[in-house]
Amino acid sequence: MFSSARLCYGLYNQQPHIHGLLRDMDLRRIRYFLVLARTLNFSQAARELKVSQPALSKAIKQLEAEFGGSLIRREGRLSHLTHLGERMRASLQQVEDASLRAEQLASRLTKTETACIRIAVMCTIDPGKVSECLAEFQQKLPGLAVELLDATAESIQDVLLDGKIDIAILGSPVEAVPRLRVHELFQEEMIIACGVNFRLASRSSIPLKKLTDYPYLDRLRCEFRDMVVGMTDAHDVELNVVTSSEREDWIKSLLMQNHGVSIMPTSSAKASGLVTVKFQDVELHRSVFLTIPSGREDQPAVQALVKHAREYNWEK
């Protein structure tokens with residue numbers, strides 16, 4: 001039974017002050033009262049509840065204090081419910097029944113429901129790298145389900161702290177928050193990507209200033225977009241932006257059709273069959289992180305996945 005829980009049911013048609021009492025009442029004392037109301041005998045009720053008579057009497061007095069009146073009256077060895085006790089018995093029985101149903105439901109779910117880890121993956125992360133890691137993990141734990149969700153750099157911290165996801169894989173660390181733990185998985189170079197038949201495809205590298213010679217596709221969801229803009233501004237490079245999009249798949253589709261160039265992570269470009277061209281005079285790298293709220297690692301499945309991800313060979 002949920003003995004330490006507090007009531008939050010709106011099942012009653014009593015006066016407003018009674019509603020408030022029921023919301024804040026201890027389920028344990030309600031159970032004590034209902035057994036006593038059925039037996040009308042403190043000794044028998046105490047035996048059924050496996051508590052001492054003084055403990056039972058104390059719980060009933062606390063309940064009466066909360067209701068502001070007597071619930072049961074002793075007359076020698078005989079006991080009977082007062083008018084208030086009779087009126088409250090039905091309402092409290094509804095609370096007890098709802099508690100039992102909730103307990104039974106929770107028991108069924110924990111026994112039959114497949115464990116599921118909710119993972120938010122930033123759209124700029126190569127799905128191939130992540131899926132290979134997860135597939136290998138699920139082979140070790142075949143009874144585990146994984147739910148993959150999309151998330152932006154702006155929303156990732158909120159959904160982590162709100163408990164909507166268990167783990168996030170992203171290309172930039174979230175703000176330093178004591179409740180979040182961050183593990184670096186791997187680093188990779190940011191390069192210039194283009195289609196195989198684009199005129200830049202034959203080059204292995206170019207200076208940053210040469211970017212102005214090519215139409216540029218702007219990845220609006222890129223977590224390093226501000227850094228790229230700052231880098232080009234610092235070198236007096238004005239990008240010739242012809243298309244902007246928040247959708248990574250649209251940008252990659254245009255690149256494959258030789259529509260222009262874009263700066264993106266090496267793994268993301270290679271996974272899409274794009275040509276990668278390096279910078280000759282600047283270096284731009286990103287790290288990919290696994291982020292998890294502190295305390296969430298206490299869950300065995302989450303703990304196992306974090307360990308697997310940190311030990312996984314991300315360079316293969």
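Which residues are buried in helix α3 (residues 42–49)? The legends below start there, in a predicted model.

**View 1. The buried residues of helix α3.** Phe 42, Ala 45, Ala 46 and Leu 49 are buried in this helix. They lie on the same side of α3, because they cover an arc of only 100° around its axis. An α-helix has 3.6 residues a turn, so residues three or four places apart point the same way.

View 2. At the start of α3, Asn 41 turns up with a side-chain oxygen within 3.0 Å of the backbone nitrogen of Ser 43. Lys 50 follows α3, and its phi is positive, near 60°.

**View 3. The largest pocket.** Its volume is about 320 Å³. The lining holds 16 residues. Val 121, Met 122, Cys 123, Pro 127 and Asp 150 lie nearest the centre of this pocket. At least two lining residues come from each of β3 (116–122), α6 (127–140), β4 (145–151) and α9 (248–256). Eight residues of the lining are nonpolar, one is polar and seven are charged.

**View 4. The second largest pocket.** The space here is about 210 Å³. Thr 152, Ala 153 and Glu 154 are among the lining residues. So are Leu 220, Arg 221, Cys 222 and Glu 223, along with Arg 225, Asp 226 and Glu 246.

How values were computed
Residues numbered from 1 in each chain as written. Predicted model: local features only at pLDDT ≥ 70, side-chain atom pairs only at ≥ 80, totals over all residues. Heavy atoms only, no water. 1 Å grid on protein atoms, 1.4 Å probe; cavity = no way out; pocket = protein on both sides within 12 Å on 5 of 7 lines; lining within 4 Å. Points joined across faces, edges and corners; volume = space filled by probe spheres on them. Helix = DSSP H or I, 4+ residues; strand = E, 2+ residues; numbered from the N terminus. Nonpolar A, V, L, I, M, F, W, Y, C, P; charged D, E, K, R; others polar. Buried < 20%, exposed > 50% of the residue type's maximum accessible area, 1.4 Å probe, protein only. Arc of directions from axis to C-beta. Polar contact = N/O pair within 3.5 Å; in protein donor to acceptor, adjacent residues only side chain to side chain.
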